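Please walk me through this protein. I would like to know how its parts are arranged and what lies between them.

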Amino acid sequence: MTTYFDALETRTADERAASLASALPAQIKRAQDLPGYGQALAGVESGSFTSADTLTVLPLTRKSDLTTAQGAGSPLGGYAGPLAGFDHVFQSPGPIYEPGNVTDDWWRFGRFLHAAGIGSDDIVQNCFGYHLTPAGMMFESGARAVGATVLPAGTGQTELQARAAHHLGITAYAGTPDYLNVILEKADDLGLDLKITKAAVSGGALFPSLRQAYADRGIACLQCYATADLGHIAYESPAMEGMIIDEGVIVEIVRPGTGDPVPAGEVGEIVVTTLNPDYPLIRFATGDMSAVMEGESPCGRTNLRIKGWMGRADQTTKIKGMFVRPEQVADLVARHSEITRARVIAARDGEMDVMTVRIETKVDDPALYEEAVADVLKLRGTIEVVAPGSLPNDGLVIEDTRSYD
């Protein structure tokens, strides 16, 4: 029988919508009161934002915006309150600084660890880093929320990790997908029996073959999707059909280079609005790609699902010495109402770069788009018109087929 972390996971669509209609205006108002959002949210009526659909009129917030603001002013760039009001501050590559608190499962990882079957009877070997970056504290906070005991192992020192897992009777692992295998193999080399039966992983690709290898050892391995800025975003349940959106965030999937939502099932960039009152990131563009899945999870959790991580959205490519960016391709599509999608393909002909622009349209004459392509992309190339629905549903608007070997 499935047990749930809390009643939020099984709310009806109407219940979830009513809750959001109350929480979202308050979050927009909090953001408006912060100097980081001063210009982006100036003049908007916070009470008009009651659902994910209403957010589309707001600009995207990107990590580069945080980096620029932090470099020019306060350590948190005006996107959160004073640094002294938080329990921790972390540094991620960039550098970029993120705040954190130790109370109330601040990053919301308890929901994922509960779905992974981890609870008060478990001892978790937490192999996420504890120094500078927040992942170690994120997972420890989640373990505390489900009542588990934590070994703050961090990274490296694999022999000590294997021996500790054996001596302490570790039952659950938290860390990157592949490092668990390193510990298991080291334990095999040392002749140590381990009792790990559960794994909660993130921060890397969990390949099906690796998941199966863990299953063959009697270890149930589930993964989640999270970022240092936003915390927990989505997670697998034992049903293992996509990733279920966390109850503390709003997720949109938009066309790369724009803030425009794509139809359900189409691959696009993940954009997240967090409901965390201490750090109200609004329409934060993650740079990661995914797609919405239809229906609800067989496990009984009712929130929106995504297909998981499907690549990066930043497809900026240099062709003939000129950068071509996703937002330029989006501009090309926007100029002609009959165009549904477009894709720029960079290739080589001998030692020369060549560019092909494939355009989904019912119009048969590619010459009609030559002027727009040259004007928007600042390059000329071959234009191919294809039937609507012909381009692959992989989220790519710029494809680089050149070999750099």
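This is a predicted model: local features need pLDDT of at least 70, side-chain atom pairs count only at pLDDT 80 or more; totals for chains, interfaces and linings use all residues.

The domain assignment places domain 1 at residues 13-311 and domain 2 at residues 317-400.

Turn to the interface. Here 8 residues of domain 1 are in contact with 8 residues of domain 2. The two domains bury about 630 Å² between them. Carbon and sulfur atoms give 60% of that area. On the side of domain 1 that touches domain 2, the residues by class are 3 nonpolar, 3 polar and 2 charged.

What polar links cross the interface of domain 1 and domain 2? The rule finds 2 residue pairs in polar contact, both at pLDDT 80 or more.

Now look inside. In soluble globular proteins, nonpolar side chains tend to be buried together. The largest nonpolar core of this model has 59 residues. Phe112, Leu113, Ile118, Phe139, Val251 and Ile306 have the most contacts inside it.

Take Val251 as a way in. Leaving out residues up to four places away in sequence, Val251 touches Ile233, Ile245, Ile270, Val271, Val272, Leu304 and Ile306. Ile306 is itself one of the residues with the most contacts inside the core.

Key. Residues are numbered from 1 along each chain as its sequence is written. Side-chain values use heavy atoms; hydrogens and water are left out. Domain bounds come from an automatic or database domain assignment. Contact means heavy atoms within 4.5 Å. Buried area is the accessible area (1.4 Å probe) that two parts lose on being put together, summed over both. A polar contact is a pair of N or O atoms within 3.5 Å; within protein, one must be able to donate a hydrogen and the other to accept it, and residues adjacent in sequence count only if both atoms are side-chain atoms. Ala, Val, Leu, Ile, Met, Phe, Trp, Tyr, Cys and Pro count as nonpolar, Asp, Glu, Lys and Arg as charged, and the others, Gly among them, as polar. A nonpolar core is a set of buried Ala, Val, Leu, Ile, Met, Phe, Trp, Tyr and Cys residues joined through side-chain atoms within 4.5 Å. Buried means under 20% relative accessible area, exposed over 50%, partly exposed in between (1.4 Å probe, protein chains only).
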